[in-house]
Amino acid sequence: MVVWNLWLRTRSENGAVPNEFFPHHGSLSKELREELEDRLKQSNLPTTAVATTTLELGIDIGSIKSVAQVGAPRSLASLRQRLGRSGRRHSVPAILRMYVRERNLGQDSDPLDHLRLETVRAVAAVRLFVAKFVEPPSIVDAVATVALHQTLSLIAQEGGLRADRLFETICSAGPLSFLGKGDYIELLRGMASSDHRLLEQAPDGTIMLGEIGERLPAGRDFYAVFSTDEEWRIVSGGRTLGTIPISNPVAVGVVIAFAGQRWRIASVDDRSKVLEVERHRSGKIPQFDHVMNEPVHDRLSAQMRAVLEGDDIPAYLDAAAGDFLRQGRDAYLELGLRRTRFLPAGKDTHVLTWRGTEANAVLAFTLVSAGLECAVHEVGVTVLETTPSEAEAVLRQVAERPPDIQSISAFVENLETAKFDSMVPEYLLRRLWAKARSNIGKEIGAIAEGLFDSRGG
(Lines give C-alpha, C1' and ligand atoms only; values in the text may rest on other atoms or scores of the structure.)
Protein backbone atom coordinates (compact mmCIF):
# COMPACT_ATOMS: atom_id res chain seq x y z
CA MET A 1 0.00 0.00 0.00
CA VAL A 2 2.85 2.39 0.86
CA VAL A 3 4.52 1.58 -2.47
CA TRP A 4 1.32 2.33 -4.42
CA ASN A 5 0.87 5.69 -2.70
CA LEU A 6 4.50 6.67 -3.27
CA TRP A 7 4.28 5.69 -6.94
CA LEU A 8 1.10 7.73 -7.48
CA ARG A 9 2.50 10.74 -5.63
CA THR A 10 5.71 10.57 -7.68
CA ARG A 11 3.73 10.45 -10.93
CA SER A 12 1.81 13.55 -9.86
CA GLU A 13 5.04 15.40 -9.09
CA ASN A 14 6.67 14.32 -12.35
CA GLY A 15 3.59 15.43 -14.26
CA ALA A 16 3.56 18.80 -12.46
CA VAL A 17 -0.04 18.29 -11.32
CA PRO A 18 -1.44 18.62 -7.80
CA ASN A 19 -1.18 15.50 -5.67
CA GLU A 20 -4.61 13.99 -5.00
CA PHE A 21 -3.43 10.69 -3.49
CA PHE A 22 -3.39 10.25 0.29
CA PRO A 23 -2.50 7.21 2.43
CA HIS A 24 -4.60 5.75 5.25
CA HIS A 25 -3.42 2.89 7.45
CA GLY A 26 -3.09 2.06 11.12
CA SER A 27 0.59 3.03 11.38
CA LEU A 28 -0.04 6.64 10.39
CA SER A 29 -0.51 9.38 12.95
CA LYS A 30 -4.05 10.48 13.76
CA GLU A 31 -3.39 13.88 12.14
CA LEU A 32 -2.39 12.35 8.80
CA ARG A 33 -5.37 9.99 8.79
CA GLU A 34 -7.78 12.81 9.61
CA GLU A 35 -6.37 14.96 6.80
CA LEU A 36 -7.63 12.38 4.31
CA GLU A 37 -10.91 11.78 6.14
CA ASP A 38 -11.68 15.52 6.08
CA ARG A 39 -11.01 15.73 2.33
CA LEU A 40 -13.33 12.80 1.67
CA LYS A 41 -16.13 14.34 3.77
CA GLN A 42 -15.90 17.64 1.89
CA SER A 43 -16.60 15.78 -1.38
CA ASN A 44 -15.62 18.80 -3.51
CA LEU A 45 -11.88 18.05 -3.59
CA PRO A 46 -10.54 15.45 -6.04
CA THR A 47 -9.20 12.79 -3.69
CA THR A 48 -8.03 9.21 -3.92
CA ALA A 49 -7.48 7.31 -0.68
CA VAL A 50 -4.79 4.61 -0.84
CA ALA A 51 -5.83 2.53 2.15
CA THR A 52 -5.68 -0.77 3.94
CA THR A 53 -8.84 -2.09 5.63
CA THR A 54 -8.81 0.87 8.05
CA LEU A 55 -11.44 2.71 5.98
CA GLU A 56 -13.83 -0.25 5.82
CA LEU A 57 -15.67 0.18 9.11
CA GLY A 58 -16.54 2.84 11.64
CA ILE A 59 -15.37 5.95 9.73
CA ASP A 60 -17.80 8.36 8.07
CA ILE A 61 -16.21 9.31 4.76
CA GLY A 62 -19.36 10.39 2.97
CA SER A 63 -20.18 9.20 -0.52
CA ILE A 64 -17.36 8.26 -2.85
CA LYS A 65 -17.48 7.72 -6.59
CA SER A 66 -15.73 4.38 -6.95
CA VAL A 67 -13.62 1.82 -5.13
CA ALA A 68 -10.53 0.15 -6.60
CA GLN A 69 -9.14 -3.03 -5.10
CA VAL A 70 -5.60 -4.20 -5.77
CA GLY A 71 -5.65 -7.98 -5.74
CA ALA A 72 -8.56 -10.40 -5.91
CA PRO A 73 -10.89 -10.47 -2.87
CA ARG A 74 -10.36 -13.12 -0.22
CA SER A 75 -13.41 -12.23 1.88
CA LEU A 76 -16.93 -11.70 0.57
CA ALA A 77 -17.89 -9.78 3.69
CA SER A 78 -15.02 -7.35 3.11
CA LEU A 79 -15.86 -7.10 -0.60
CA ARG A 80 -19.47 -6.17 0.20
CA GLN A 81 -18.31 -3.60 2.74
CA ARG A 82 -15.86 -2.00 0.31
CA LEU A 83 -18.35 -1.81 -2.54
CA GLY A 84 -20.89 -0.29 -0.17
CA ARG A 85 -18.63 2.72 0.29
CA SER A 86 -19.55 3.93 -3.19
CA GLY A 87 -22.92 4.66 -4.82
CA ARG A 88 -24.53 6.21 -1.75
CA ARG A 89 -25.99 9.18 -3.61
CA HIS A 90 -29.40 8.85 -5.21
CA SER A 91 -29.31 7.30 -8.71
CA VAL A 92 -25.52 6.87 -8.56
CA PRO A 93 -24.32 3.28 -9.08
CA ALA A 94 -21.82 1.57 -6.80
CA ILE A 95 -18.59 0.97 -8.72
CA LEU A 96 -15.83 -1.48 -7.86
CA ARG A 97 -12.76 -2.05 -10.00
CA MET A 98 -10.34 -4.90 -9.35
CA TYR A 99 -6.72 -4.80 -10.44
CA VAL A 100 -5.27 -8.30 -10.53
CA ARG A 101 -1.59 -9.03 -11.11
CA GLU A 102 -0.35 -12.31 -12.59
CA ARG A 103 3.21 -13.49 -13.08
CA ASN A 104 4.98 -13.73 -16.39
CA LEU A 105 5.27 -17.43 -17.14
CA GLY A 106 8.41 -19.28 -18.13
CA GLN A 107 9.52 -22.86 -18.51
CA ASP A 108 10.48 -23.03 -14.82
CA SER A 109 7.27 -21.42 -13.49
CA ASP A 110 5.40 -23.29 -10.78
CA PRO A 111 2.37 -25.19 -12.10
CA LEU A 112 0.06 -23.27 -9.75
CA ASP A 113 1.07 -20.01 -11.43
CA HIS A 114 -0.21 -21.44 -14.73
CA LEU A 115 -3.69 -21.73 -13.18
CA ARG A 116 -3.89 -17.91 -12.89
CA LEU A 117 -5.48 -18.24 -9.45
CA GLU A 118 -5.66 -14.49 -8.78
CA THR A 119 -7.91 -13.98 -11.81
CA VAL A 120 -9.85 -17.14 -10.99
CA ARG A 121 -10.45 -15.98 -7.41
CA ALA A 122 -11.67 -12.59 -8.64
CA VAL A 123 -14.26 -14.26 -10.89
CA ALA A 124 -15.26 -16.68 -8.14
CA ALA A 125 -15.72 -13.80 -5.68
CA VAL A 126 -17.96 -11.90 -8.09
CA ARG A 127 -20.07 -15.03 -8.63
CA LEU A 128 -20.57 -15.45 -4.89
CA PHE A 129 -21.23 -11.74 -4.46
CA VAL A 130 -24.00 -11.86 -7.06
CA ALA A 131 -25.38 -14.94 -5.29
CA LYS A 132 -25.46 -12.82 -2.08
CA PHE A 133 -23.13 -15.17 -0.23
CA VAL A 134 -21.39 -13.80 2.87
CA GLU A 135 -19.17 -15.84 5.17
CA PRO A 136 -21.15 -16.90 8.25
CA PRO A 137 -20.04 -15.64 11.68
CA SER A 138 -17.33 -17.83 13.12
CA ILE A 139 -15.82 -18.44 16.53
CA VAL A 140 -13.03 -15.90 16.59
CA ASP A 141 -9.66 -16.65 18.11
CA ALA A 142 -10.04 -13.46 20.17
CA VAL A 143 -12.67 -15.05 22.42
CA ALA A 144 -10.27 -15.35 25.40
CA THR A 145 -9.10 -11.75 25.00
CA VAL A 146 -12.68 -10.48 24.84
CA ALA A 147 -13.68 -12.50 27.91
CA LEU A 148 -10.67 -11.16 29.82
CA HIS A 149 -11.49 -7.61 28.76
CA GLN A 150 -15.14 -7.97 29.77
CA THR A 151 -14.16 -9.47 33.12
CA LEU A 152 -11.94 -6.53 33.99
CA SER A 153 -14.54 -4.04 32.74
CA LEU A 154 -17.36 -5.62 34.77
CA ILE A 155 -15.34 -5.80 37.98
CA ALA A 156 -14.18 -2.19 37.50
CA GLN A 157 -17.85 -1.19 37.17
CA GLU A 158 -19.21 -3.25 40.09
CA GLY A 159 -16.23 -3.15 42.44
CA GLY A 160 -16.19 -6.93 42.81
CA LEU A 161 -18.24 -10.01 41.88
CA ARG A 162 -18.23 -13.74 42.56
CA ALA A 163 -16.98 -16.11 39.87
CA ASP A 164 -20.41 -17.65 39.19
CA ARG A 165 -21.96 -14.20 38.66
CA LEU A 166 -19.12 -13.19 36.31
CA PHE A 167 -19.54 -16.37 34.27
CA GLU A 168 -23.32 -15.98 34.05
CA THR A 169 -23.10 -12.34 32.97
CA ILE A 170 -20.28 -12.74 30.46
CA CYS A 171 -20.55 -16.27 29.08
CA SER A 172 -24.20 -17.32 29.36
CA ALA A 173 -25.19 -16.07 25.89
CA GLY A 174 -23.74 -14.76 22.65
CA PRO A 175 -20.32 -15.52 21.17
CA LEU A 176 -18.65 -15.78 24.58
CA SER A 177 -20.87 -18.78 25.43
CA PHE A 178 -18.19 -20.65 23.47
CA LEU A 179 -16.28 -20.60 26.76
CA GLY A 180 -17.38 -23.39 29.06
CA LYS A 181 -17.37 -22.98 32.83
CA GLY A 182 -14.10 -24.87 33.12
CA ASP A 183 -12.52 -22.66 30.44
CA TYR A 184 -13.62 -19.52 32.25
CA ILE A 185 -12.31 -20.74 35.62
CA GLU A 186 -8.93 -21.41 33.99
CA LEU A 187 -9.01 -17.89 32.55
CA LEU A 188 -9.69 -16.39 36.00
CA ARG A 189 -6.87 -18.42 37.53
CA GLY A 190 -4.47 -17.20 34.87
CA MET A 191 -5.53 -13.61 35.42
CA ALA A 192 -4.94 -13.98 39.18
CA SER A 193 -1.54 -15.64 38.79
CA SER A 194 1.60 -14.01 40.14
CA ASP A 195 2.74 -13.43 36.55
CA HIS A 196 -0.22 -11.16 35.74
CA ARG A 197 -1.84 -9.96 39.02
CA LEU A 198 -4.99 -8.82 37.21
CA LEU A 199 -7.33 -10.26 39.86
CA GLU A 200 -7.38 -11.18 43.51
CA GLN A 201 -10.00 -12.92 45.64
CA ALA A 202 -11.35 -11.74 49.00
CA PRO A 203 -11.92 -14.23 51.85
CA ASP A 204 -15.66 -14.25 51.09
CA GLY A 205 -15.01 -15.33 47.49
CA THR A 206 -15.50 -11.92 45.89
CA ILE A 207 -13.18 -11.38 42.92
CA MET A 208 -11.64 -7.90 42.73
CA LEU A 209 -9.08 -6.15 40.58
CA GLY A 210 -5.49 -6.91 41.44
CA GLU A 211 -2.49 -4.62 41.32
CA ILE A 212 -2.10 -4.67 37.53
CA GLY A 213 -5.83 -5.10 36.95
CA GLU A 214 -6.49 -1.72 38.56
CA ARG A 215 -4.13 0.03 36.16
CA LEU A 216 -5.34 -1.44 32.87
CA PRO A 217 -8.91 0.00 32.79
CA ALA A 218 -7.48 3.44 33.56
CA GLY A 219 -5.49 3.46 30.32
CA ARG A 220 -6.96 5.18 27.25
CA ASP A 221 -6.17 2.22 24.99
CA PHE A 222 -7.89 -0.36 27.21
CA TYR A 223 -11.33 -0.07 25.64
CA ALA A 224 -10.21 -0.74 22.07
CA VAL A 225 -10.20 -4.51 22.47
CA PHE A 226 -9.31 -5.37 18.88
CA SER A 227 -5.94 -4.47 17.42
CA THR A 228 -4.48 -4.79 13.94
CA ASP A 229 -2.20 -7.72 13.14
CA GLU A 230 1.16 -7.24 14.84
CA GLU A 231 4.31 -7.16 12.76
CA TRP A 232 6.48 -10.24 13.27
CA ARG A 233 10.22 -9.99 12.82
CA ILE A 234 11.74 -12.55 10.44
CA VAL A 235 15.22 -13.57 11.63
CA SER A 236 17.70 -15.94 10.01
CA GLY A 237 21.12 -16.73 11.46
CA GLY A 238 20.90 -13.75 13.82
CA ARG A 239 20.13 -11.35 10.97
CA THR A 240 16.76 -9.61 10.67
CA LEU A 241 15.33 -10.08 7.18
CA GLY A 242 12.30 -7.85 7.66
CA THR A 243 8.83 -7.88 9.17
CA ILE A 244 5.41 -9.22 8.16
CA PRO A 245 1.95 -9.08 9.73
CA ILE A 246 0.75 -12.60 10.54
CA SER A 247 -2.98 -13.34 10.45
CA ASN A 248 -3.03 -17.13 10.37
CA PRO A 249 -1.50 -19.81 12.61
CA VAL A 250 1.88 -21.33 11.84
CA ALA A 251 3.94 -24.26 13.07
CA VAL A 252 7.59 -25.24 13.16
CA GLY A 253 8.12 -27.00 9.83
CA VAL A 254 5.69 -24.80 7.95
CA VAL A 255 7.33 -22.97 5.05
CA ILE A 256 6.55 -19.34 4.25
CA ALA A 257 7.29 -17.14 1.28
CA PHE A 258 9.24 -13.97 2.03
CA ALA A 259 11.32 -11.69 -0.20
CA GLY A 260 10.80 -14.04 -3.15
CA GLN A 261 12.24 -17.08 -1.37
CA ARG A 262 11.08 -20.00 0.71
CA TRP A 263 11.91 -20.09 4.41
CA ARG A 264 11.29 -22.93 6.85
CA ILE A 265 10.07 -21.83 10.29
CA ALA A 266 12.58 -23.16 12.83
CA SER A 267 11.15 -21.55 16.00
CA VAL A 268 8.40 -19.17 17.07
CA ASP A 269 8.73 -16.61 19.89
CA ASP A 270 5.16 -15.52 20.65
CA ARG A 271 6.09 -12.91 23.26
CA SER A 272 8.75 -11.17 21.18
CA LYS A 273 6.88 -11.71 17.89
CA VAL A 274 9.89 -13.30 16.19
CA LEU A 275 9.98 -16.08 13.61
CA GLU A 276 13.37 -17.79 13.39
CA VAL A 277 13.66 -19.15 9.86
CA GLU A 278 16.17 -20.97 7.70
CA ARG A 279 16.48 -20.82 3.95
CA HIS A 280 14.69 -23.72 2.32
CA ARG A 281 16.33 -25.72 -0.43
CA SER A 282 13.32 -25.61 -2.77
CA GLY A 283 13.45 -23.38 -5.78
CA LYS A 284 10.93 -20.92 -7.12
CA ILE A 285 7.69 -20.30 -5.29
CA PRO A 286 4.19 -19.91 -6.71
CA GLN A 287 2.65 -16.49 -6.31
CA PHE A 288 0.68 -16.79 -3.11
CA ASP A 289 1.26 -15.77 0.49
CA HIS A 290 0.80 -18.19 3.36
CA VAL A 291 0.40 -16.42 6.68
CA MET A 292 -0.10 -12.76 5.83
CA ASN A 293 -3.50 -12.72 4.15
CA GLU A 294 -7.04 -12.85 5.50
CA PRO A 295 -8.46 -16.39 5.34
CA VAL A 296 -10.39 -17.79 2.39
CA HIS A 297 -13.71 -19.54 3.06
CA ASP A 298 -14.41 -23.11 1.85
CA ARG A 299 -17.11 -21.80 -0.46
CA LEU A 300 -14.74 -19.42 -2.25
CA SER A 301 -12.12 -22.12 -2.84
CA ALA A 302 -14.77 -24.51 -4.15
CA GLN A 303 -16.07 -21.79 -6.45
CA MET A 304 -12.56 -21.26 -7.80
CA ARG A 305 -12.52 -24.88 -8.93
CA ALA A 306 -15.94 -24.40 -10.52
CA VAL A 307 -14.62 -21.38 -12.42
CA LEU A 308 -11.68 -23.39 -13.73
CA GLU A 309 -14.03 -26.15 -14.89
CA GLY A 310 -16.41 -23.72 -16.62
CA ASP A 311 -16.21 -22.20 -20.09
CA ASP A 312 -17.90 -18.79 -19.84
CA ILE A 313 -15.90 -15.55 -20.06
CA PRO A 314 -17.68 -12.90 -17.93
CA ALA A 315 -18.42 -9.67 -19.76
CA TYR A 316 -16.94 -7.56 -16.94
CA LEU A 317 -13.41 -8.89 -17.57
CA ASP A 318 -11.17 -6.82 -19.79
CA ALA A 319 -9.20 -8.47 -22.61
CA ALA A 320 -6.15 -9.26 -20.46
CA ALA A 321 -8.21 -10.78 -17.64
CA GLY A 322 -10.24 -12.83 -20.13
CA ASP A 323 -7.00 -14.17 -21.59
CA PHE A 324 -5.69 -15.04 -18.11
CA LEU A 325 -8.88 -16.97 -17.39
CA ARG A 326 -8.51 -18.97 -20.62
CA GLN A 327 -4.88 -19.72 -19.78
CA GLY A 328 -5.86 -20.95 -16.32
CA ARG A 329 -8.54 -23.25 -17.71
CA ASP A 330 -6.21 -24.62 -20.36
CA ALA A 331 -3.58 -25.35 -17.71
CA TYR A 332 -6.18 -26.99 -15.47
CA LEU A 333 -6.99 -29.46 -18.25
CA GLU A 334 -3.38 -29.99 -19.37
CA LEU A 335 -2.28 -30.72 -15.79
CA GLY A 336 -5.01 -33.36 -15.46
CA LEU A 337 -6.65 -31.68 -12.47
CA ARG A 338 -10.07 -33.03 -13.35
CA ARG A 339 -8.69 -36.47 -12.41
CA THR A 340 -6.19 -35.85 -9.60
CA ARG A 341 -5.58 -33.64 -6.59
CA PHE A 342 -1.81 -34.29 -6.53
CA LEU A 343 0.22 -31.91 -8.67
CA PRO A 344 4.01 -32.37 -8.94
CA ALA A 345 6.06 -29.16 -8.87
CA GLY A 346 9.77 -29.88 -9.13
CA LYS A 347 10.72 -31.72 -5.93
CA ASP A 348 7.47 -30.70 -4.24
CA THR A 349 3.85 -31.79 -4.47
CA HIS A 350 0.82 -29.53 -4.38
CA VAL A 351 -2.14 -31.25 -2.72
CA LEU A 352 -5.28 -29.52 -3.99
CA THR A 353 -8.09 -29.81 -1.46
CA TRP A 354 -10.19 -26.96 -2.90
CA ARG A 355 -10.99 -26.12 0.72
CA GLY A 356 -10.55 -22.86 2.62
CA THR A 357 -7.68 -21.59 4.74
CA GLU A 358 -8.78 -23.17 8.03
CA ALA A 359 -9.15 -26.69 6.62
CA ASN A 360 -5.87 -26.41 4.74
CA ALA A 361 -4.07 -25.19 7.87
CA VAL A 362 -5.34 -28.13 9.93
CA LEU A 363 -4.31 -30.55 7.17
CA ALA A 364 -0.87 -28.92 7.01
CA PHE A 365 -0.40 -29.23 10.78
CA THR A 366 -1.43 -32.88 10.48
CA LEU A 367 1.27 -33.45 7.87
CA VAL A 368 3.81 -31.52 9.95
CA SER A 369 2.99 -33.84 12.86
CA ALA A 370 3.90 -36.73 10.52
CA GLY A 371 7.32 -35.19 9.91
CA LEU A 372 6.67 -33.43 6.58
CA GLU A 373 7.31 -29.79 5.72
CA CYS A 374 4.33 -27.91 4.33
CA ALA A 375 3.20 -24.56 2.99
CA VAL A 376 -0.46 -23.54 3.17
CA HIS A 377 -2.18 -21.77 0.28
CA GLU A 378 -5.68 -20.85 -0.78
CA VAL A 379 -6.66 -24.11 -2.50
CA GLY A 380 -4.61 -26.68 -0.62
CA VAL A 381 -1.17 -27.37 0.82
CA THR A 382 2.26 -27.86 -0.69
CA VAL A 383 4.31 -30.76 0.69
CA LEU A 384 7.96 -29.92 0.19
CA GLU A 385 10.65 -32.27 -1.06
CA THR A 386 8.00 -34.97 -1.39
CA THR A 387 6.82 -36.83 -4.49
CA PRO A 388 3.10 -37.33 -5.23
CA SER A 389 3.36 -41.02 -4.35
CA GLU A 390 5.04 -40.21 -1.03
CA ALA A 391 2.40 -37.61 -0.22
CA GLU A 392 -0.36 -40.05 -1.16
CA ALA A 393 1.11 -42.71 1.16
CA VAL A 394 1.08 -40.37 4.17
CA LEU A 395 -2.39 -39.07 3.39
CA ARG A 396 -3.77 -42.60 3.10
CA GLN A 397 -2.54 -43.18 6.63
CA VAL A 398 -4.28 -39.97 7.73
CA ALA A 399 -7.48 -41.20 6.05
CA GLU A 400 -7.26 -44.56 7.82
CA ARG A 401 -6.14 -43.28 11.25
CA PRO A 402 -6.93 -39.56 11.52
CA PRO A 403 -5.38 -37.82 14.56
CA ASP A 404 -7.65 -35.90 16.93
CA ILE A 405 -7.67 -32.10 16.80
CA GLN A 406 -6.19 -31.77 20.30
CA SER A 407 -3.06 -33.68 19.29
CA ILE A 408 -2.80 -31.60 16.12
CA SER A 409 -3.01 -28.40 18.20
CA ALA A 410 0.28 -29.31 19.92
CA PHE A 411 2.09 -28.25 16.73
CA VAL A 412 0.39 -24.84 16.43
CA GLU A 413 2.42 -21.74 17.28
CA ASN A 414 1.66 -17.98 17.46
CA LEU A 415 -1.48 -18.53 19.52
CA GLU A 416 -1.21 -15.08 21.10
CA THR A 417 -2.89 -13.22 18.26
CA ALA A 418 -5.36 -10.95 20.11
CA LYS A 419 -4.70 -7.93 22.31
CA PHE A 420 -4.68 -9.53 25.78
CA ASP A 421 -3.73 -13.10 24.82
CA SER A 422 -0.35 -12.73 26.52
CA MET A 423 -2.27 -12.70 29.83
CA VAL A 424 -4.20 -15.90 28.99
CA PRO A 425 -2.70 -19.31 29.92
CA GLU A 426 -1.05 -20.85 26.88
CA TYR A 427 -2.70 -24.23 27.43
CA LEU A 428 -6.12 -22.52 27.44
CA LEU A 429 -5.40 -20.75 24.13
CA ARG A 430 -4.35 -24.10 22.64
CA ARG A 431 -7.49 -25.83 23.94
CA LEU A 432 -9.72 -23.07 22.54
CA TRP A 433 -7.94 -23.20 19.17
CA ALA A 434 -8.72 -26.92 18.98
CA LYS A 435 -12.28 -26.44 20.20
CA ALA A 436 -12.97 -23.80 17.53
CA ARG A 437 -11.78 -26.27 14.85
CA SER A 438 -13.38 -29.41 16.24
CA ASN A 439 -15.58 -29.82 13.16
CA ILE A 440 -12.57 -29.68 10.85
CA GLY A 441 -10.79 -32.10 13.17
CA LYS A 442 -13.65 -34.57 12.77
CA GLU A 443 -13.42 -34.13 8.99
CA ILE A 444 -9.66 -34.47 8.57
CA GLY A 445 -9.86 -38.19 7.74
CA ALA A 446 -12.65 -37.54 5.24
CA ILE A 447 -10.67 -34.66 3.69
CA ALA A 448 -7.71 -36.99 3.18
CA GLU A 449 -9.99 -39.76 1.83
CA GLY A 450 -11.61 -37.30 -0.58
CA LEU A 451 -8.27 -36.63 -2.22
CA PHE A 452 -8.39 -40.16 -3.61
CA ASP A 453 -12.14 -40.36 -4.28
CA SER A 454 -11.80 -37.32 -6.56
CA ARG A 455 -9.86 -39.03 -9.35
CA GLY A 456 -12.80 -38.49 -11.63
CA GLY A 457 -13.66 -35.07 -10.19
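**Exercise 1. Describe the second largest pocket: its volume, its lining and the elements that supply it.**

Solution. The second largest pocket holds about 480 Å³ of space. Of its 19 lining residues, those closest to the centre are Arg97, Met98, Tyr99, Tyr316 and Leu317. The model is predicted, so local features need pLDDT of at least 70 and side-chain atom pairs count only at pLDDT 80 or more, while totals for chains, interfaces and linings use all residues. Residues are numbered from 1 along each chain as its sequence is written, and side-chain values use heavy atoms, with hydrogens and water left out.

A pocket here is an open set of points on a 1 Å grid over the protein atoms alone, where a 1.4 Å probe fits and protein lies on both sides within 12 Å along at least five of seven lines; lining residues have an atom within 4 Å of a point. Grid points are joined across faces, edges and corners, and the volume is the space filled by probe spheres set on the points.

Next, assign the lining to elements, which are DSSP runs numbered from the N terminus (helices H or I, at least four residues; strands E, at least two). Helix H3 (76-83), strand S4 (96-99), helix H5 (117-130) and H11 each supply at least two residues, and H5 gives the most, with six residues.

Finally, sort the lining by residue class: 16 are nonpolar, one is polar and two are charged (Ala, Val, Leu, Ile, Met, Phe, Trp, Tyr, Cys and Pro count as nonpolar, Asp, Glu, Lys and Arg as charged, and the others, Gly among them, as polar).

**Exercise 2. Classify the ring pair of Phe222 and Phe420, then that of Tyr332 and Trp354.**

Solution. Rings of Phe, Tyr and Trp (its six-membered ring) pair if their centres lie within 6.5 Å; planes under 30 degrees apart count as stacked, over 60 as edge-to-face and the rest as tilted. By this rule there are five aromatic pairs. For Phe222 and Phe420 the centres are 5.9 Å apart and the planes stand at 45°, so this pair is tilted. Phe222 lies in the loop between helix H9 (211-215) and strand S7 (231-236), and Phe420 in the loop between helix H14 (405-409) and helix H15 (426-436), so the pair ties together parts that are 198 residues apart in sequence. Phe222 is buried at 2% relative accessible area, and Phe420 is buried at 5% (buried means under 20%, exposed over 50%, partly exposed in between, with a 1.4 Å probe and protein chains only).

For Tyr332 and Trp354 the centres are 6.3 Å apart and the planes stand at 65°, so this pair is edge-to-face. Tyr332 lies in helix H11 (residues 319-334) and Trp354 in the loop between strand S13 (348-352) and helix H12 (357-369), so parts 22 residues apart in sequence are tied together. Tyr332 is buried at 0%, and Trp354 is buried at 5%.

**Exercise 3. Follow the strand pairing from Ile234 in S7 to S11, and then to S10.**

Solution. Ile234 lies in strand S7 and, at 0% relative accessibility, counts as buried. Two strands pair if DSSP finds at least two bridges between them; three bridges join S7 to strand S11 (residues 274-279), and these strands run parallel. The bridge partner of Ile234 in S11 is Leu275, 41 residues away in sequence and 5.1 Å away in space, C-alpha to C-alpha.

S11 also pairs with strand S10 (residues 261-269), in the antiparallel sense over six bridges, and Asp269 stands opposite Val274 in S11. The hairpin of S10 and S11 has four residues between the strands, and in it Lys273 takes a positive phi near 55°.
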